[in-house]
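Let's take a friendly walk through a protein model, one piece at a time. Have a look at the structure below before reading on.

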Amino acid sequence: DTVDLSCTGAGHFRARLTGFDTPESYEPGCRAEAEAARAATTRLRGLVATAMTIDADLGGTDRYNRRLVALRLDGRNVGTTLISEGLAVAYHGGRRINWCSRLG
């Protein structure tokens, strides 16, 4: 859910994709979380690579100075896709889930 983006008129920046949470790839809490993070990253890269259109709604910044972005690929929110495939959960702020507990 954290990516590097290059957008016309906005330049290159680190972004937090909004509306969903994926397992941590940076300092995962357990092996299952690391594996799930790799799967989510691979899927997101594949979705971006095959998209005909990519739209990014740019918002403000989070506490880590990442730009908040709603990302749509071919008109569909990327979070909706990842959530429906079990690679992410809905997230709108607050405490994140414990992926290690969730993945068992």
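## A sulfur link

This is a predicted model. In it, cysteine 30 and cysteine 100 are joined by a disulfide, with 2.2 Å from S to S. If the word is new to you, a disulfide is a covalent bond between the sulfur atoms of two cysteines. Cysteine 30 sits in the loop between β3 (19-21) and α1, while cysteine 100 belongs to helix α3, so the pair ties together parts that are 70 residues apart in sequence.

The link also has a handedness: the torsion about the S-S bond of cysteine 30 and cysteine 100 is about -115°, so this disulfide is left-handed. How exposed is cysteine 30? Its relative accessibility is 25%, and buried means under 20% while exposed means over 50%, so cysteine 30 counts as partly exposed.

Now find helix α1, which covers residues 31-50. Its 20 residues reach 29 Å from the first C-alpha to the last, close to the 28 Å expected at 1.5 Å a residue.

Which residues of α1 are buried? They are Glu33, Ala34, Ala36, Ala37, Ala40, Leu44 and Leu47. Looking down the axis of α1, you would find these buried residues within an arc of 165°, so they line one face of the helix.

The buried residues of α1 pack against several elements: the strands β1 (2-7), β2 (11-17) and β5 (67-73), and the helices α2 (78-84) and α3 (99-103). On the face turned away from the buried side, α1 carries the exposed residues Arg31, Arg38, Thr42, Arg45, Ala49 and Thr50.

## Strand β5 and its partners

Next, turn to β5 and the strands beside it. Strand β4 (residues 54-61) runs antiparallel to β5, and six bridges join the two. Here aspartate 57 stands opposite alanine 70 of β5. The hairpin of β4 and β5 has five residues between the strands, and in it asparagine 65 takes a positive phi near 65°.

β5 also pairs with β2, in the parallel sense, over three bridges. Leucine 17 is found opposite valine 69 of β5.

What is the sense of the pairing between β5 and strand β6 (residues 76-77)? The two pair in the antiparallel sense, over two bridges, and arginine 72 stands opposite asparagine 77 in β6. Two residues lie between the strands in the hairpin of β5 and β6, where aspartate 74 takes a positive phi near 55°.

Terms used:
Residues numbered from 1 in each chain as written. Predicted model: local features only at pLDDT ≥ 70, side-chain atom pairs only at ≥ 80, totals over all residues. Heavy atoms only, no water. Helix = DSSP H or I, 4+ residues; strand = E, 2+ residues; numbered from the N terminus. Expected span 1.5 Å × (residues − 1). Buried < 20%, exposed > 50% of the residue type's maximum accessible area, 1.4 Å probe, protein only. Arc of directions from axis to C-beta. Contact = heavy atoms within 4.5 Å. Disulfide = S-S within 2.5 Å. Pairing = 2+ DSSP bridges.
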